[in-house]
Amino acid sequence: AGSVAVTAPMPGKILGVKASAGQAVKKGQVIVILEAMKMENEIFAPCAGTISSVAVAKGAAVNPGDVLCVIG
């Protein structure tokens, strides 16, 4: 309870993961860079907290709704 899953808003490829498990993040902080339709999209933390797990790595392909990381 109290954990927030950050999911992919669109299909694409992970260009970079800016947060790691155990890292504290602030609301609005960039945590993942997602390439979709040849554009780089920054995925922001929806809330402040600590990253409890990261489910993707650079180069991974994701679909809409796939969990990128969990803030717990």
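Start with the cysteines: this is a predicted model, and its disulfide count is 0. Select Cys47, which takes part in no disulfide; the nearest cysteine sulfur belongs to Cys69, 9.4 Å away. A disulfide here needs two cysteine sulfur atoms within 2.5 Å, so at 9.4 Å from the sulfur of Cys47, Cys69 is in no disulfide either.

Stay on Cys69 for a moment. Is Cys69 buried or exposed? Its relative accessibility is 3%, so Cys69 counts as buried.

Next, colour the strands. Strand β8 covers residues 67-71, and strand β6, residues 49-54, pairs with β8 in the antiparallel sense over 3 bridges. To see a bridge partner, select Ser53 and look across to Val70 in β8.

Now show the whole sheet. An open sheet of 4 strands runs in the order β1-β8-β6-β3, with antiparallel pairing. At the edges stand β1 (4-7) and β3 (24-25); each has a single partner strand, so one side of each is left without a neighbour in the sheet.

For the last stop, select Val32, found in strand β4 (residues 30-36). With a relative accessibility of 2%, Val32 counts as buried. Which residues does Val32 touch, leaving aside those up to four places away in sequence? Display Ile14, Gly16, Asn41, Glu42, Ile43 and Leu68, and you have the contacts of Val32. Finally, draw a C-alpha to C-alpha distance from Val32 to Lys13: the two are 10 Å apart in space and 19 residues apart in sequence.

Technical notes:
Residues are numbered from 1 along each chain as its sequence is written. This is a predicted model: local features need pLDDT of at least 70, side-chain atom pairs count only at pLDDT 80 or more; totals for chains, interfaces and linings use all residues. Side-chain values use heavy atoms; hydrogens and water are left out. Helices (H or I, at least four residues) and strands (E, at least two) are DSSP runs, numbered from the N terminus. Buried means under 20% relative accessible area, exposed over 50%, partly exposed in between (1.4 Å probe, protein chains only). Contact means heavy atoms within 4.5 Å. Two strands pair if DSSP finds at least two bridges between them.
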